[in-house]
Amino acid sequence: MSLLSVENLTVAYGAITALRNVSLVVDTKEIVTLIGANGAGKTTLLRTLSGLLQPSIGTIHFNGENLSGKSPHLIVRSGISCAPEGRGIFPNLSVEDNLELGAFIRKDSKGIQKDKDFAFTLFPILKERRRQWAGTLSGGEQQMLTISRALMARPKLLLLDEPSLGLAPQVMKQIFSVIQSINAEGTTILLVEQNANMALHIAHRAYVLETGRIVLTDKAQALLNHPDVKKAYLGT
Amino acid sequence: MEEFFQHLINGISIGSIYGLVAIGYTMVYGILNLINFAHGDIFMIGAFSGYFIARGLGADQAPSLFLALVVLILSMVVCGALGFTIERFAYRPLRAMPRLNLLITAIGVSLFLENGGQLFFGADPKFFPELIERQIYFQIGDIAISNYQVIVVGLSMTLMFLLQYIVFHTKTGKAMQAVSFSHETASLMGIDTNRIISFTFILGSMLAAAGGILVGLSYPRIDPLMGLLFGLKAFVAAVIGGIGSIPGAIAGAMLMGLSEEMVVGYFSSTYRDALAFFLLILVLLIKPTGIFGKKTAEKV
Ligand SMILES: Nc1ncnc2c1ncn2[C@@H]1O[C@H](COP(=O)(O)OP(=O)(O)OP(=O)(O)O)[C@@H](O)[C@H]1O
Ligand SMILES: [Mg+2]
């Protein structure tokens, strides 16, 4: 059985239907990527998985549990942690406080310290900046903080919303290689991206979302060579 | 010079009580973007709970520090429960609605408490019992400091210090700061935002209760409408300090208390109540975000 299975999900904002009949699965230890253009509904899907939005139709099962109607803070406790789009850090708190808030649901202070140190080895710059207000970090550093903070909950499933957004190629590479090493450590990842090239290179499987519908799904490697994907998302 | 010191001491003493009440306004504003108009009335209920509890315990007959503390703590519990109830049943159901609905509800709760107070406690003022024997603590020349002033300043400072500690150094306090920034992002951390909001109302209301008791002790007259003007001034103090900021509320309150005393001392007591508004206008003209005000540009 899959770790996450989404069936026939339809999500609307009032009269605007942002997701139609979306079904997808994520298996343990996988990196699955969902690619799609602006406004395709990627963020809507992650917000629904996090409990911030309620679907009008459809079900979400995670780790054998039905997530319908569950509030966001309980979903985090079930094991889903989200690094939201647009670097949703807490600007008036220090980098370290941000990381500790990521571990809000945990009580094992030793483990929390260990995971903080792990985050600092993933992104050494965060260690240098740890007493600084998070709002003073650069965009790329904020993205690193958002990902590290989401990891602090020790999730079974990590949701990443466009981690490459607005980053220089060098920083982007660094972040994607960290995503791979997080996955190698055993965390399952659902990665939402517009940068299809990067995402398909590190993912195992992929879904393509177009105006709220899933139009394609396959092994990531296969999609890299798919003519439609090449044309629409890879620009080749 | 001696006169000046006397005003200074009085100003710090009233300023610290404004501070206790201003903190509640600023915390609730920080977390819900709501001006909690009922907060001044919670302060009034604090004074009245103190009055009734003191009489119930016989503390008015036999003043003692121990009984005074019991009265204080019980009144804080009463107001904490009241603040919790108001948020849970009056504000929470409306949270998803436009801000204006919430604001009007807050005014409604305030009117309810004021009129309820007049109905149950009677409209005429009551004399707050002397819970501790009033003494002159020490006297230097013409400057007299009473034990009441020491208690007022000492207790307010202790409570404000405790609050600062909770907000800035505990896990729950950090969660409060997270919720103040964004309910959604906070909930993604696994924070139960409703619990944090309840906690905020409880804390703010407990401090207001302490303020009510200290006013009762210092002035002895209390009445069901006492929260109106006092609450308004504490709110103005919070705005002057930069609404949403706790250190700001304390600074604004001190400024308010001190300037009030100085105006009364050197000009005329008729200007006392107008001063709050003069200060408010001044701050809004010079630095609209208040002394410690945050830039709002961070929230994109
Ligand atoms: N709060 C909202 N109210 C109304 N419509 C919304 C709301 N949020 C998103 N939408 C609409 O839903 C659709 C999907 O939006 P969503 O944010 O999920 O897209 P996305 O794939 O994440 O895009 P991007 O890559 O630009 O972040 C868009 O057409 C958008 O305009
Ligand atoms: Mg998006």
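1. How many salt bridges does the rule find across the interface of chain B and chain A? There are two, a salt bridge being a side-chain nitrogen of Lys or Arg within 4 Å of a carboxyl oxygen of Asp or Glu. Asp97(A) pairs with Lys174(B) in a salt bridge, with 3.0 Å between the closest N and O atoms.

2. On provenance, this is a predicted model, in which local features need pLDDT of at least 70 and side-chain atom pairs count only at pLDDT 80 or more, while totals for chains, interfaces and linings use all residues. Residues are numbered from 1 along each chain as its sequence is written, chains are lettered from A and ligands numbered from 1 in the order in which they are written, and side-chain values use heavy atoms, without hydrogens and water.

3. Chain B gives 17 residues to the contact and chain A gives 23 (contact: heavy atoms within 4.5 Å). Between them the chains bury about 1900 Å², 66% of it on carbon and sulfur atoms; buried area is the accessible area (1.4 Å probe) lost on putting two parts together, summed over both. Of the area that chain B buries against chain A, 36% comes from Lys171(B), Leu188(B) and Met189(B), more than from any other three residues.

4. Within chain B, the axes of helix 2 (residues 39–57) and helix 8 (residues 193–218) come within 7 Å and cross at roughly 55°. Helices here are DSSP runs (H or I, at least four residues), numbered from the N terminus, and axes are lines fitted to C-alpha atoms over the stretch in contact, with angles from 0 to 180 degrees between N-to-C directions.

Technical notes. Helix = DSSP H or I, 4+ residues; strand = E, 2+ residues; numbered from the N terminus.
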